[in-house]
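Please read them with the structure open.

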Amino acid sequence: MFLPQCLFILKIIGSIEAIAYFRCMKEIVVSGIRSTGNLHLGNYFGAMKNFIRMQDEFNCFFFIADYHSLTTHPSPADFHLNVKSVLVEYLACGLDPEKCTLYIQSDLPEIAELYLLLNMNAYVGELERCTSFKEKIRKQPDNINAGLLTYPTLMAADILIHRAVKVPVGKDQEQHLEMARTFGNRFNRMYETELFPEPYAFNFGTQLVKIPGLDGSGKMGKSEGEGNAIFLADAPELIRKKVMRAVSDSGPAVMNQEKPEVIKNLFSLMEAVSSAETLAFFEEQYNVMKIRYGDMKKQLAEDMIAFTDPFRKRILELSKDEKTVQQVARRGAEKARESASKTIREARNAIGIRQI
Ligand code: TYM
């Protein structure tokens, strides 16, 4: 063969290897959403919006956190339906199983094993100090189970099982990420290994997001009561009803008055779904004391409907396509287990769990 031809072939082989190499080098991303109900705008802007963009740039693992939903004791029928509906919503939002690994947490027994191993080195004191645990104690005093206490170790297992470095989440998960770093670092130190890298909460914007609820509470959430959250699957009429009931006040008493919390919340919601012009118009109306919250809420409801409508339609379509959903879950579980089993093998080895 002539030298130029040989050089040409070598160049091609080189670039194929380079592509494969860079694919391996892509940073690992993990995140999940609990299957405790439908996805709401908080889930979308805090997590899903980043998932969609990240699947093009990183090696992403996105899962449905169904073990985490067990802390509230759902019935077996609800449990199963919720898992399915969240998977449908993942797909409806634009997650593509060709670009990222989509799976159900309970399909990976490796996660349960890593959770057990991490629990051995997680101290009750530090778990009890976790803000989300304290909140749960307040909300469900009759059901303070060990799953609630060890929620951060299960979450750490979810992240560390794929050795992720970036975790797209909303502001409320920041402390859990800090604990995941603590547990990973502690494992590395105890067993003199570098198995686990440090995972950090991630958002493409500068800060982690917190979408407020409609009831004047700080956060939109599934368990914050009827009317607090706008779900992607909500019908237009329901959205109008919920938004018109949103908490506001009697209006500003002086020009350019600092906004009280409940009014800030309305503006934050508008910032998320409305155009910059609409937001600027109502800001101006507020500053010159001409604002009519009824008009603002009407506009907010219409903008929320325009935003959620394409998702709602895709959710309805995909809900009928059981086969696709099943295939996605099966394939995702296989891909995710490949990565998880490597980590668990190394973790066992580091601890000294070996065949006799
Ligand atoms: P969950 O199911 O409560 O919420 C899923 C994601 O949505 C974000 N989120 C919000 N972001 C902004 N404003 C809001 N009002 C709002 N409400 C919810 C959450 O921050 C989260 O990113 N523990 C997690 C699930 C989980 C997980 C993990 C996440 C389990 N293992 C491993 C990342 C990595 C949770 O309860 O999310």
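1. Take the contacts in the protein chain between residues at least 6 apart in sequence: 78% of them join residues at least 24 apart. This is a predicted model, and every remark below should be read that way. The chain has 15 helices and five strands. Its C-alpha trace spans about 80 × 65 × 40 Å along the principal axes. Of its 356 residues, 44% count as buried.

2. Domains. The domain assignment gives two parts. Domain 1 covers 3–210 + 322–351. Domain 2 covers 233–318. The C-alpha centres of domain 1 and domain 2 lie 33 Å apart.

3. The domain interface. How much area do domain 1 and domain 2 bury between them? The value is about 900 Å², with 78% of it on carbon and sulfur atoms. On the side of domain 1, Leu41, Phe45 and Ala92 supply 49% of the area buried against domain 2, more than any other three residues. Nine residues of domain 1 are in contact with ten residues of domain 2.

4. Polar terms at that interface. The count of salt bridges between domain 1 and domain 2 is zero. One residue pair is in polar contact across the interface, with both residues at pLDDT 80 or more. Two elements give two or more residues to the side of domain 1 that touches domain 2: α2 (41–54) and α4 (76–93). Of these, α4 gives the most, with five residues.

5. Helix α11. This helix runs over residues 236–244, and Ile239, Lys242 and Val243 are buried in it. Seen down the axis of α11, the buried residues fall within an arc of 95°, so they line one face of the helix. The general rule is that an α-helix has 3.6 residues a turn, so residues three or four places apart point the same way. What do the buried residues of α11 pack against? Their partner is α14 (293–319).

6. Gln105. Look in the loop between β3 (101–104) and α5 (109–119) for this residue. Is Gln105 buried or exposed? Gln105 is buried, and its relative accessible area is 0%. Its side chain makes a polar contact with the side chain of His68, at 3.5 Å. Beyond its neighbours within four places in sequence, the contacts of Gln105 include Phe63, Ile64, Ala65, Asp66 and Tyr67. Ile111, Leu154 and Asp158 are also among them.

7. Positive phi. Two residues deserve a look here. Arg163 is not a glycine, yet it has a positive phi of about 55°. Arg163 is found in the loop between α9 (151–160) and β4 (166–168). Phi of Glu192 is near 45°, again a positive value in a residue other than glycine. Glu192 sits in the loop between α10 (174–190) and β5 (200–202). Glu192 is exposed, with a relative accessible area of 75%, whereas Arg163 is partly exposed at 22%.

8. In one of them, the side chains of Arg186 and Glu126 meet at 2.7 Å, N to O. Arg186 is in helix α10 and Glu126 in helix α6 (residues 124–128), so the pair links distant parts of the chain, 60 residues apart. Why do both partners count as buried? The cut-off for buried is under 20% relative accessible area. Arg186 has 13% relative accessibility, so it counts as buried. Glu126 has 17%, so it counts as buried too.

9. Arg163 again. The side chains of Glu346 and Arg163 meet in a salt bridge at 3.5 Å, N to O. Glu346 lies in helix α15 (residues 322–351) and Arg163 in the loop between α9 and β4, so the pair ties together parts that are 183 residues apart in sequence. Glu346 is partly exposed, with a relative accessible area of 41%.

10. Other charged groups. Glu174 forms a salt bridge with Lys171, and their closest N and O atoms are 2.9 Å apart. Glu174 is partly exposed at 38% relative accessible area. Lys171 counts as partly exposed at 39%. Salt bridges that share partners also join Glu237, Arg240 and Glu302 into one network.

Key: Residues numbered from 1 in each chain as written. Predicted model: local features only at pLDDT ≥ 70, side-chain atom pairs only at ≥ 80, totals over all residues. Heavy atoms only, no water. Buried < 20%, exposed > 50% of the residue type's maximum accessible area, 1.4 Å probe, protein only. Helix = DSSP H or I, 4+ residues; strand = E, 2+ residues; numbered from the N terminus. Arc of directions from axis to C-beta. Contact = heavy atoms within 4.5 Å. Domains from an automatic or database assignment. Buried area = accessible area lost by both parts, 1.4 Å probe. Salt bridge = Lys/Arg side-chain N within 4 Å of Asp/Glu carboxyl O. Polar contact = N/O pair within 3.5 Å; in protein donor to acceptor, adjacent residues only side chain to side chain.
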